[in-house]
Amino acid sequence: MNYDVVIIGSGITGASIARELSKYKLKLAVLDKASELPAGASRANSSMIHGGFDDKPGTVKAKFCVPGNKMWHKLKDELDVHLDECGSYVCAFNDDEVKHLEKLLEQGKANGAPGVEIVSGDVMRSREPNVSPEIVAALWSPEAAIINNFEAVNAMIESAKINGAELFLETHVTGLLFDDKGDIHGVKTNKGEYLAPVVINAGGVHSGEIASWAGDNSFKIIPTKGEYYLLDRTTGGLITSFLFACPSKAGKGITVLRTAEGNLMSGPTATEQDDPEDRSTTPEGLAEVLKGARKLLPNFPVNMNITTFAGVRANTESGDFEIGALAKPRGFVNAAGIKSPGFTSSPAIAEYIAQLLKEELADRITLTPNDKFIPERRNIPRFLYMDMESRKALAEKDPAYAQIVCRCETVTEGQVLEAIRRGARTVTAVKMMTRAGTGRCQGGFCCPRVAEILSRELGLPLDEVTRHGGESKLLVGKTKEFLLKKEGATNE
Amino acid sequence: MTERKFICVSCPLGCGLTVTLDDAGEVTKVEGNTCPRGASYARSEVKDPRRVFASTVRVNGGKLPVCPIRSKTPAPRGKLSEIARAVAELNVEAPVKIGQVLIHNVCGTDVDIVASRDLAAV
Amino acid sequence: MSKNIDVLIIGAGPAGVAAGIGARREGAENVVVLERDWDLGGILQQCIHPGFGLRTFKEELTGPEYMHRFIKIAHEEGVEFRTNTMVFQIDRETNTVWTMNKERGIEALNPKAIVLTMGCRERPLGAIRIPGGRPAGIYTAGTAQRFVNMEGYMPGKRAVILGSGDIGLIMARRMIWEGAEVEGVYEVMSWPGGLRRNIAQCLDDYGIPFHLKTTVTKIHGQDRLEGVTVAQVDDHMTPIKGTERYVECDTLLLAIGLIPENELSRMAGIDIHPVTGGPVVNDLLQTTNPAVFAAGNVVIVYDLVDNVSDEGLIAGASAAKFAAGKISAGTRRIPVKGGENVRLYSPQFVTGETDATIFMRVTHPIEQACRVFAEPGLYSQRLRYARPGEMNEVKIKAEQIRNLPDLKEIVIDIQPV
């Protein structure tokens, strides 16, 4: 299969690049080893659109964060993504931390982050009455926001697909292909070869390994686990904005936030580990999060927890992003080591990459504007948020919208069917695209129903339906056949 | 003389029963029960322990792919896995009526397997 | 819109079907029960084991058999059922009930009285925050029960069961009868969550080990569950170092408790009791919204379906009385208070309009003779023991309340004698 550009990885970085490049007449292939999107760090993160004060001026991160933030405030309408424009506070508990706020304020100004200011603890508490009485001052960033990261990644990739990009899931890149000059010729995958003169490495936590295939050992990824609590949606009213503690060397520290859908959430830890795929939570990690959460929000209602999860982010030794084209082999572009504020930066990184292809790789591909580019993409209808008249109209047009599948998040069968039409093949894919199963019963009610619909629509036996692809089958066979196949009697 | 202790399963109270048996294995005393059902359960449990078997059978053309069944009366405990296999081999046609006998005298136990719900055909 | 509805009942499980019967018997004309499933009976349709209705029918029935009898009575009494109809919103100002159904679309109903009978749901894994991965193969016992008994599929080959609630114990036996293995049942408390007879007939009969004061401390596997780590816990429920053991399994079934399902009740602006998790009710099963009544596991999680049906009958009858204007706004509300070892109880108010049964659970087991009573001098009953897994009852006659016009509160308690 011949393409102009192959993008490795469809997290928010890869998806944003795919959409940006779909503005040009290019044959694009986006490859991801996961069965549903988002899968890696883009699934399990703080879903923060950062204000832009945290990055040292002059770093690559600082270059992209503020422009990315601005772009998201516009993209939310274009892509129909939930963005809670809530603002953020960095909270200081002592004089040293107040000094740190001052430094952040300076950085914010230097980075061009609008509206950043320091307020007193009392002023903050007049807006956020439930936060700790021990907060003495806080840095307020009005442009910071919280995004629905499940929607955002799917919106980006859908928009790219609308404009001609092709997405290949469960496609694991295992190596690079080089031409006789030693330049990029494509990638090898478990599903065959994908040929292209340009390969973009948006491989997240695997991006260091992928770069090394191209002989680039200039950076190393340090997989860094972040663990989180996610609480019931009824708890979201405790805060109205995103709360940071003062950052430490390891990361931005434990935050407390309200997701775009109104769940209280807290995390992440920052634990370095060897295994890029180990997303298990740990007793120590969860205890650390709880401690951090209670520091900011003393009555953090952990008894309303509905799930805990962990993500592994692609930290680098330098702490900065690794973005650029290699001089040799030609055609290999890194969008690597993207960690916080990666989600924020992604649309700006994507624009930069397009520019870079024009300027530095013109010998390999030509970027001709795609005059048929459609910027708008609509989300699957969100029944929960619709007014009653719209709901009625929708249900009248399609009775599947008059059948609830997920009772916690009021997700209808119509939404699940639409997710399947848009490519969902697993229970988790439906969850990412519709929120079915993200609520307080965590799929206890809807998982069997979603599985039944997947089985019906895809013509798969129920016991072939998976939770998240691979070996994650929900069931192991039919009852009676299972018993009859078994040798001898039961363990009576 | 021997003593055996077990929990009565006749009702949700779950009384702790103590049964005394003489050397010939005959029950001489039942203690701990709060009702006559407990006493008869105790006697049955030491001589011929029985349980109601409840499972499902495969149904062709029904509103559900399986229909719940039960043994109409308690079946010998030692025969339950044999009964489970006999039930697993069965395929019935919808519609199914509650109380409908699906297997007579299952595994020679003199116990019938009956449907425990109505299941309409589709 | 359809005819005027006198009593609208939400959920056709045991409480809802009984409420329909109760409302019709009290004289309500148009009694409608809404059910989200295609079939009536609620969760009992998947509870195919015997153990239901001994008190009501003097024999032990399976769940479907129990519901079959009640549904037959309801049809005879003229109760109308609407299946495949889900209530997704109740407006608190108007008590408008919003329903959806594939044929009828979205409809608003404005009944004279509402009975909430949505039942309960199972506590999910997140509620207990076990570290580890999030692979396939972890189910609440009830979800597994649905797969096995309604869909005809096996959730796994080798199961560990966490928690000793009755559904977990029942599912242990059910898995064995379908040819799976059950490695053991683990309970973090020092006493079982479910009935002793279920430990006897579902675990002991099949030699399934039952571990008290032990819990799952880690989940292994990313795609399908590969195993769990179990460990003993100390008196503060903290895992004891050195007691960890790896157990290979492809399935983890959770039987860690039930929670009344009150999303709709909250929308209806009803006070929810912080301990029961269900609506605050009086002995007429009237909630803090006078037109809304509630019965069954949506109020407090019962041990026996007979109790659920009894309460359904009461709530249905009360709703019919309210619809007919027979419950005055000035009804007495005498608060019920619980003593030290009373963990939860319902109803929380007594009116003197009816004979009242107060259901309660103890916090800690009392393994000796004890006495359950209601002060001042309203009820006293000797018990052989009191255990958290088994509800106790206090019965107070309407006449007793009427004879005490100055009664300010009722205190219920259980103490060793």
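In helix α9 (residues 388-397) of chain A, the buried residues include A:Arg391, A:Leu394 and A:Ala395. Buried means that 20 or more other C-beta atoms, placed from the backbone, lie within 10 Å of the residue's own; exposed means 12 or fewer, and partly exposed lies in between. Helices (H or I, at least four residues) and strands (E, at least two) are DSSP runs, numbered from the N terminus. Viewed down the axis of α9(A), the buried residues fall within an arc of 95 degrees, so they line one face of the helix. The arc is taken from the directions from the helix axis to the C-beta atoms. A:Glu389, A:Ser390, A:Glu396 and A:Lys397 are exposed on the other side of α9(A). The cover over the buried residues of α9(A) includes β7 (97-101) and β8 (105-109) of chain C.

The model is predicted: local features need pLDDT of at least 70 and side-chain atom pairs count only at pLDDT 80 or more, while totals for chains, interfaces and linings use all residues. Residues are numbered from 1 along each chain as its sequence is written, and chains are lettered from A and ligands numbered from 1 in the order in which they are written.

Chain C contains an open sheet of five strands in the order β5-β2-β1-β9-β21, with parallel pairing. Strands pair if DSSP finds at least two bridges between them. The edge strands are β5 (80-82) and β21 (292-294) of chain C, each pairing on one side only. Neighbouring strands of the sheet are turned by 20 degrees against each other on average, direction ignored. Within it, β1 (residues 7-10) and β2 (residues 31-34) of chain C run parallel and are joined by four bridges. C:Leu8 stands opposite C:Val32 in β2(C).

Two helices of chain C were examined against these strands. Helix α1 (residues 14-25) of chain C lies across β1, β2 and β9 (113-116) of chain C, at about 175 degrees to β2(C). Helix α8 (residues 305-323) of chain C lies across β1, β9 and β21 of chain C, at about 165 degrees to β9(C). Axes are lines fitted to C-alpha atoms, for helices over the stretch in contact; angles run from 0 to 180 degrees between N-to-C directions.

In chain B, B:Glu93 sits in strand β8 (residues 91-93). B:Glu93 counts as exposed because it has 10 C-beta neighbours inside 10 Å. Leaving aside neighbours within four places in sequence, B:Glu93 is in contact (C-beta atoms, placed from the backbone, within 7 Å) with B:Asn60 and B:Gly61.
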